[in-house]
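I opened this model to look up a few points of packing. My notes follow in the order I made them.

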Amino acid sequence: MTALEYPDVLFAPAGQHRVAYRMSGRPPPDVVVTPGLWSHMGLSRDDPGHVDFRLRMELFCRLIAFDSLGTGLSDRPVGGLAVDQWVESCAAVLDEARSTKAIFCSLFVSGPLVLEFVRRHPQRCSGLIFVNTYACWAARADYGAGAPPEEVAKVREFMAKAWGRDGFPVPSAPSQAGNAAFLRWSAAVQRAMASPEELLQGLTTLETLDSRSVLPQVQVPT
């Protein structure tokens, strides 16, 4: 797929702000793929793996992806809760795409965000796919399966030191450790998605999110 063939970045109005999004393929169904708080619509086409994933998905759905307010090519409002901004961004994109129902493919840290969207807009979800994610990251008094404080601290330390550097994705994608082009691309995407300060603020948000109470309310294929 050449740059000219790759779908354009579009913008959906969200109040006074704009949300960057991209869609391709044909419905039904609509499938929203989201990694969570951080993404960048402008750079995803520079990685062959992402292009291949999009081409495969386009064979059977309309694929929708977006940068939440506060990241990537979307506007960056001052203040406001990251969770509220994410839900608002997602709703704005679905409105602009005229999508009444969508399947959500939740990757990485986006589990609690997608579940919060389902809690607020249950009628807009027709299915859920969770990939390497969770409903609650950090441990709680009643949730020993969550990451203990020392693990959360290690993640914060690693991300603060490695964000925007070539070695960042290696622990989660060891098969790419020798792929210099992928590592350079990944580092560039990280720097474009969020500053180190924005990253740490986002991590604080992720530590506090707990969407376990939403799970019993899920009434769609999951």
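I started with Ser68, which sits in the loop between strand 4 (62-66) and helix 2. The model is a predicted one. Leaving aside neighbours within four places in sequence, I found Ser68 in contact with Ser39, Ser74, Gln85, Trp86 and Ser89.

Next I turned to the helices. How do helix 2 and helix 3 cross? The axes of helix 2 (residues 82-96) and helix 3 (residues 111-120) come within 10 Å, and they cross at roughly 65°. I therefore noted helix 2 and helix 3 as roughly perpendicular to each other. The crossing of helix 2 past helix 3 is right-handed. From helix 2, the contact takes in Val83, Asp84, Trp86, Val87, Cys90, Ala91 and Leu94. Helix 3 supplies Leu113, Val114, Glu116, Phe117 and Arg120. Sorted by class, the contact of helix 2 with helix 3 has nine nonpolar residues, three charged and no polar ones.

I then checked Phe117 by itself. Not counting residues up to four places away in sequence, Phe117 touches Trp86, Val87, Cys90, Ala91, Leu94, Phe104, Pro122 and Arg124.

Last, the cores. The largest nonpolar core has 50 residues, and those touching the most other members are Trp38, Phe66, Trp86, Leu94, Phe104, Phe117 and Leu206. Helix 2 gives the most to this core, with eight residues. I also logged a second, separate core of seven residues, among them Val33, Met57, Cys61 and Leu107.

How values were computed
Residues are numbered from 1 along each chain as its sequence is written. This is a predicted model: local features need pLDDT of at least 70, side-chain atom pairs count only at pLDDT 80 or more; totals for chains, interfaces and linings use all residues. Side-chain values use heavy atoms; hydrogens and water are left out. Axes are lines fitted to C-alpha atoms, for helices over the stretch in contact, and angles run from 0 to 180 degrees between N-to-C directions. Helices (H or I, at least four residues) and strands (E, at least two) are DSSP runs, numbered from the N terminus. Angles under 35 degrees count as roughly parallel, over 145 as roughly antiparallel, 65 to 115 as roughly perpendicular and the rest as oblique. A crossing is left-handed if the near helix is turned anticlockwise from the far one by less than a right angle, and right-handed if clockwise. Contact means heavy atoms within 4.5 Å. Ala, Val, Leu, Ile, Met, Phe, Trp, Tyr, Cys and Pro count as nonpolar, Asp, Glu, Lys and Arg as charged, and the others, Gly among them, as polar. A nonpolar core is a set of buried Ala, Val, Leu, Ile, Met, Phe, Trp, Tyr and Cys residues joined through side-chain atoms within 4.5 Å. Buried means under 20% relative accessible area, exposed over 50%, partly exposed in between (1.4 Å probe, protein chains only).
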